[in-house]
Amino acid sequence: MSQVLELKKHAKQLQSSGASEKELTTVLQILKKDYQVNEAVLRESRVGLAVGKLRTHASKIVSDLAKDIVKKWKNDVEKAKQSHHSGGSSKPVQNGKPAPTRKASVASDSKPTTQAANKATTRSYKTDGLAIKLFGEETRNTCLGLMYDSLAFDSNAPSDLILKRAQAVEKGVYNLSGTADNDYKGKIRSLFVNLRDKGNPSLREGVISGDVPAEKLATMTSEDMASEERKAADSKIRDQNLFQSLSAEEQQAETEAFQCGRCKQRKCRYRQAQTRSADEPMTTFVTYVHLVTPFTKLRRTDLSPFN
């Protein structure tokens, strides 16, 4: 069995809805230990998508293994690209001997090489050799390119699949407004930012795999597109704000100066507020502690602390 077919089989196992944590861990350990891949193999087998989706798995063991594999495979692909580019190069020769090289020149040349390698890892429609000229409107072509770049920049999926998904997303946004107006551009910008979020790889992978339909994505808000970690953090902040707002209620003093007319107990809390004109006495609000409900609302002049 060829390597591509084996990887396709493993990808299917990882994508199985009934796979247990133990089964996922076993397959991931096999992929990490036994396979060294290149870009062509990853694109054809699509195993990179299956592994990438597991980086946000609920199990820490599974998610950590998936992250390690993605990191390892990215390094393998980058090394293969670098060896391919440098494979045909040879050292200059002077008088039958290799020409001497100066350390200073090597040091100065190493930085641009590293920068070029880093740029090569950022995938886009230009690096994939695509020309986005599908519409008569330049605005729509530009926005389609943005959608492609946001889905492709760390993906190993085939370019034709990414282009298909990008077209569906752009079409969904365009159908909402019917024209390439400011609302259309604003929505495209919002999708671009959220899809390229490095902390939310599951959203990109969900769109590429089809788990998140393009029509649904076009109507999602930034809150809907946020990662589970971000949603949990936002929920925690809302809970804290709610708690702080509730704890900021007006403080009430406790006293035994007033007596309940029904049960004759005196333990209560009270507060005063100027509810009428300034020349009128303040209104005293008394809450009986045992009942925890307001039992009277009287003016100060109507109350006798010595009933």
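This is a predicted model: local features need pLDDT of at least 70, side-chain atom pairs count only at pLDDT 80 or more; totals for chains, interfaces and linings use all residues.
Local features required pLDDT of at least 70, side-chain atom pairs counted only at pLDDT 80 or more, and totals for chains, interfaces and linings used all residues. Residues are numbered from 1 along each chain as its sequence is written, and side-chain values use heavy atoms, without hydrogens and water.

The largest nonpolar core has 31 residues. Such a core is a set of buried Ala, Val, Leu, Ile, Met, Phe, Trp, Tyr and Cys residues joined through side-chain atoms within 4.5 Å; buried means under 20% relative accessible area (1.4 Å probe, protein chains only). Leu191, Leu195 and Leu217 have the most contacts inside this core. Two or more residues each come from H7 (138-152), H8, H9 (182-195), H10 and H11 (214-219). Helices are DSSP runs of H or I with at least four residues, strands runs of E with at least two, numbered from the N terminus. H8 gives the most, with 7 residues. Another core, of 23 residues, lies apart and includes Ala11 and Val37.

H8 (residues 159-177) and H10 (residues 201-209) pack at about 95 degrees, with axes 9 Å apart. Axes are lines fitted to C-alpha atoms over the stretch in contact, and angles run from 0 to 180 degrees between N-to-C directions. The two helices are therefore roughly perpendicular (65 to 115 degrees). Leu161, Ile162, Arg165 and Val169 in H8 meet Val207, Ile208 and Ser209 in H10 (contact: heavy atoms within 4.5 Å).

S4 (residues 268-273) runs antiparallel to S3 (residues 253-255), joined by 3 bridges. Strands pair if DSSP finds at least two bridges between them. Thr255 stands opposite Cys268. S4 also runs antiparallel to S5 (residues 283-288), through 6 bridges.

How values were computed
Angles under 35 degrees count as roughly parallel, over 145 as roughly antiparallel, 65 to 115 as roughly perpendicular and the rest as oblique. Buried means under 20% relative accessible area, exposed over 50%, partly exposed in between (1.4 Å probe, protein chains only).
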